[in-house]
Amino acid sequence: METVSENRAFGGVQGVYRHASASTGTDMVFSVFVPPHEAGARLPVVWYLSGLTCTHANVTEKGEFRAICAELGLIFVAPDTSPRGEGVADDPDGAYDFGLGAGFYVDATEAPFAAHYKMWSYVTEELPALIAAEFPADMGRQSIMGHSMGGHGALTIGLTLADRFKAVSAFAPIVAPSQVPWGQKALSGYLGDDKAAWRKHDAVALIEDGARVDALLVDQGGADGFLDKELRPDLLRTACDAAGIDLTLTVRDGYDHSYYFISTFMADHLRWHGERLGQGA
């Protein structure tokens, strides 16, 4: 693991790191904030998955999470959203919603993306092993959150690996990619036309098929331009109601899809995670 940068912040260390990924066959960059802590302490880990076009840098620079993570003693990990580098396939038309910056947290099976787009394995297996080895992380206390495409990733990973993650939340998630244009393009491009394979990467479908968590926290901007066409939180509400999952879904009037929205409610989410990770104030 190579250290790209480390900076003192709120008594802890905000770092950016690079390593050669066996999952993607590329170098991958990620950020980690480690709050102040006593020597030998092991701290819970909050995973944050970013949205379309993003890298680790968007939330690292604009998410405003460090003060609350320092207060609660939470490690905050932000991976990239796709493999990158020479030879990595991109959308043939250069569109922003597929290919580079848009890995959708799946392991692609379709050429040419299957060669490198293994983001499910990277986020759920390879990077956690690296975090456990290199940072003072208590891997028995993990939670996951994300935004938009990353909200989709957080929901699907959290529902699939419910025994691992003690809390799952999202900002403006793509809750049912099988039913919206962004998701239909991505899932068909990465996984092919077998829609049964898509269900494992669709939060609403996972719930319909029996996946369960105790509770979910979702914030959605009421002025989000993607709300009605791509995000569809109403579908998540219906699925959770039918399954008996305690969903706290709040539509924030006047807020859009940006980090102005995310940063406003980041502390609320992290306090919710902290309580479930045993770090509540």
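Helix α10 has a kink of about 45 degrees, centred on phenylalanine 265. The model described here is predicted. At 1.5 Å a residue, the 18 residues of α10, numbered 259–276, should span 26 Å, and the C-alpha atoms at the helix ends are 24 Å apart, which agrees. At the N-terminal end, α10 is capped by serine 258, a side-chain oxygen of which lies 3.2 Å from the backbone nitrogen of tyrosine 260. Glycine 278, with a positive phi near 80 degrees, follows the helix. The buried residues of α10 include Tyr259, Phe261, Ile262, Phe265, Met266, His269, Leu270, Trp272 and His273. An α-helix has 3.6 residues a turn, so residues three or four places apart point the same way.

Tyr259 also takes part in a contact with asparagine 58. Asparagine 58 belongs to helix α1, residues 56–62. Leaving aside neighbours within four places in sequence, asparagine 58 is in contact with Gly63 as well as Tyr259. Asparagine 58 has a relative accessible area of 18%, and because buried means under 20%, this residue counts as buried.

The strands form an open sheet of 9, in the order β1-β2-β3-β5-β4-β6-β7-β8-β9, with mixed pairing. The edges are taken by β1 (2–9) and β9 (246–252); each has a single partner strand, so one side of each is left without a neighbour in the sheet. On average, neighbouring strands are turned by 20 degrees against each other, direction ignored. Strands β6 (residues 137–147) and β7 (residues 165–171) pair in the parallel sense over 5 bridges. Histidine 147 has phenylalanine 171 of β7 as its bridge partner.

Helix α3 (residues 119–134) touches β2, β3, β4, β5 and β6, and its direction makes about 55 degrees with that of β3. Helix α9 (residues 233–243) touches β8 and β9, and its direction makes about 160 degrees with that of β9.

Several loop residues have backbone features of note. In the loop between β5 and α3 lies proline 112, which is joined to alanine 111 by a cis peptide bond with omega of about -5 degrees. Serine 148, in the loop between β6 and α4, has a positive phi of about 60 degrees although it is not a glycine. At 3% relative accessibility, serine 148 is buried. Arginine 232, in the loop between α8 and α9, is likewise not a glycine but has a positive phi, of about 55 degrees. With a relative accessible area of 24%, arginine 232 is partly exposed.

Conventions: Residues numbered from 1 in each chain as written. Predicted model: local features only at pLDDT ≥ 70, side-chain atom pairs only at ≥ 80, totals over all residues. Heavy atoms only, no water. Helix = DSSP H or I, 4+ residues; strand = E, 2+ residues; numbered from the N terminus. Expected span 1.5 Å × (residues − 1). Bend = angle between axes of the 7 residues up to and from the residue. Buried < 20%, exposed > 50% of the residue type's maximum accessible area, 1.4 Å probe, protein only. Polar contact = N/O pair within 3.5 Å; in protein donor to acceptor, adjacent residues only side chain to side chain. Contact = heavy atoms within 4.5 Å. Pairing = 2+ DSSP bridges. Axes fitted to C-alpha atoms, helices over the stretch in contact; angles between N-to-C directions.
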